[in-house]
Amino acid sequence: MAQKTTPGPSLLSWPAGVPEPLSSPPLTNAPSEGPRVIAWIEANLVLGEGDHWGEPVRLEVFEKLFLIWLFELRPDGRRRYRRALLEVPKGNGKTSIAAWVASYRLAHQFSAVIPVVAASYDQADLVFSDMRTCVSESSTLRSVMVPFEGEIQVRDSPSRAYKLPAVAGANDGQRPSTAVFDEIHEFVGPNRERVHLIVSNGCSKRVDSLQLNVTTPGCDKETLAGRLHDHGVKVNSGEVIDDEFLHVWWGADADKFDLSTGDGLHAAIRAANPASDKFLSVTDVAARYHQIPLNEFIRYHLAGWTTNAAAWLPAGVWDACADPSVVIADGADVCLGFDGSHNSDSTAIVVVSCGSVPHIDVVNCWERPEGPDDWKVPIEDVEQAIRDACRRWKVREMVADPFRWQRSLQTLLTKACPSLNIPKLPPG
């Protein structure tokens with residue numbers, strides 16, 4: 001099924017009706033295999049599970065734009081990108097795009113070996129079931145490919161695509177020609193990251209290999225997805241040179257929109273979701289704003305990176321409790337709360353009054369600044385802030401997570417706050 005590739009034209013200006021990504025390479029007039037890929041997908045593939053199951057694929061402009069980027073060619077005719085990260089909100093068809101790219105590569109690569117990798121069995125089956133449908137319901141592909149539960153084989157060829165849940169592990173020695181990694185923000189933990197590493201290393205053994213990562217953003221930059229995201233942003237800004245890495249991130253900065261108003265909320269959704277008013281209902285997404293915590297809405301529907309996986313209060317409830325007129329008087333009975341980091345997160349001290357109507361206030365907070373990677377929490381400043389708080393109020397109790405701060409807390413609680421009657425901190 002392999003066929004000779006001839007370059008097609010690239011997009012030279014930003015297409016109307018498509019929001020610009022938060023991070024992407026510039027549009028260029030470089031030749032691209034993308035138009036051929038687009039034509040093949042629309043001629044051979046059908047839609048998977050959903051309201052339009054079995055119907056021919058008709059790509060939207062933003063999907064075509066991504067494929068033209070992904071299959072850009074160098075002057076010598078080789079593909080430019082060997083690794084790619086696509087970040088978009090939920091509901092924008094990223095899983096389908098991954099399945100279509102994998103199907104195209106299975107049909108066109110010599111001796112194709114294509115693992116479809118996800119963090120769980122169910123997630124891996126989402127991409128793979130789309131591929132199975134593409135084959136079983138396609139009038140052109142079902143005569144040359146054989147779909148099974150966990151593998152798709154090309155007739156009279158060693159080429160195959162197979163499902164690989166990261167929880168099952170991966171063996172060294174494979175030589176993937178294309179690897180698809182779905183929802184990599186869920187690749188958390190040494191085993192899942194190792195699977196990604198092993199499969200990626202295997203791709204380096206193939207001359208024309210491609211690694212495609214697709215995901216919604218996560219809540220921890222110290223993860224595989226976070227590291228790839230930061231790398232991609234730096235590549236597109238020119239801070240880092242990596243000519244083989246493609247990063248396209250559609251999303252919206254929530255702080256630039258008034259999400260509490262209908263117009264502001266709809267504007268943010270349209271800015272973040274390239275599928276808005278196409279196969280994504282802006283009204284349905286807007287309804288989710290009032291149903292889920294704000295941090296989850298930002299992650300899933302605006303493609304913003306957050307610092308928490310979950311929130312303990314619905315959006316707006318905490319802000320509504322604020323009363324700037326209340327000040328905790330010096331000498332009052334209080335409790336302190338402390339949560340400390342080393343260098344990758346915020347450190348904060350809060351004070352809570354012990355009266356009949358408790359009031360909480362921030363004593364001090366140290367947030368990691370943008371830019372420097374060598375920043376560390378100023379331990380001496382934190383310790384001094386706790387001493388000052390103990391001098392200002394009658395601290396009856398202090399609640400703290402002792403991780404990394406055992407020595408500081410043990411010393412402070414015995415010397416700076418002698419009024420406290422608490423047991424020694426446990427070791428570790």
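Biologist: In what order do the 8 strands of the open sheet stand?

Modeller: This is a predicted model, in which local features need pLDDT of at least 70, side-chain atom pairs count only at pLDDT 80 or more, and totals for chains, interfaces and linings use all residues. Residues are numbered from 1 along each chain as its sequence is written, and side-chain values use heavy atoms, without hydrogens and water. Strands (E, at least two residues) and helices (H or I, at least four) are DSSP runs numbered from the N terminus, and two strands pair if DSSP finds at least two bridges between them. The pairing in this sheet is mixed, and the order is β3-β4-β5-β2-β6-β7-β1-β8.

Biologist: Which strands stand at the edges?

Modeller: A strand at the edge has a single partner strand, so one of its sides is left without a neighbour in the sheet. This applies to β3 (145-147) and β8 (245-249).

Biologist: Which residue in β5 stands opposite Glu151?

Modeller: Strands β4 (residues 151-154) and β5 (residues 160-165) run antiparallel and are joined by 3 bridges. Opposite Glu151 stands Tyr162.

Biologist: Is Glu183 buried or exposed?

Modeller: Glu183 lies in the loop between β6 and α5, and its phi is near 50 degrees, a positive value in a residue other than glycine. Buried means under 20% relative accessible area, exposed over 50%, and partly exposed in between (1.4 Å probe, protein chains only). At 7% relative accessibility, Glu183 is therefore buried.

Biologist: Is Asp277 buried or exposed?

Modeller: Asp277 is found in the loop between α7 (262-272) and α8 (282-288). Its phi is near 65 degrees, also positive in a residue other than glycine. With a relative accessibility of 51%, Asp277 counts as exposed.

Biologist: How are α7 and α9 oriented to each other?

Modeller: In this contact, Leu265, Ala268, Ile269 and Ala272 of α7 meet Phe297, His301 and Leu302 of α9. The axes of α7 and α9 (residues 294-302) are 10 Å apart, at an angle of about 40 degrees. Angles under 35 degrees count as roughly parallel, over 145 as roughly antiparallel, 65 to 115 as roughly perpendicular and the rest as oblique. The two helices are therefore oblique.

Terms used
Axes fitted to C-alpha atoms, helices over the stretch in contact; angles between N-to-C directions. Contact = heavy atoms within 4.5 Å.
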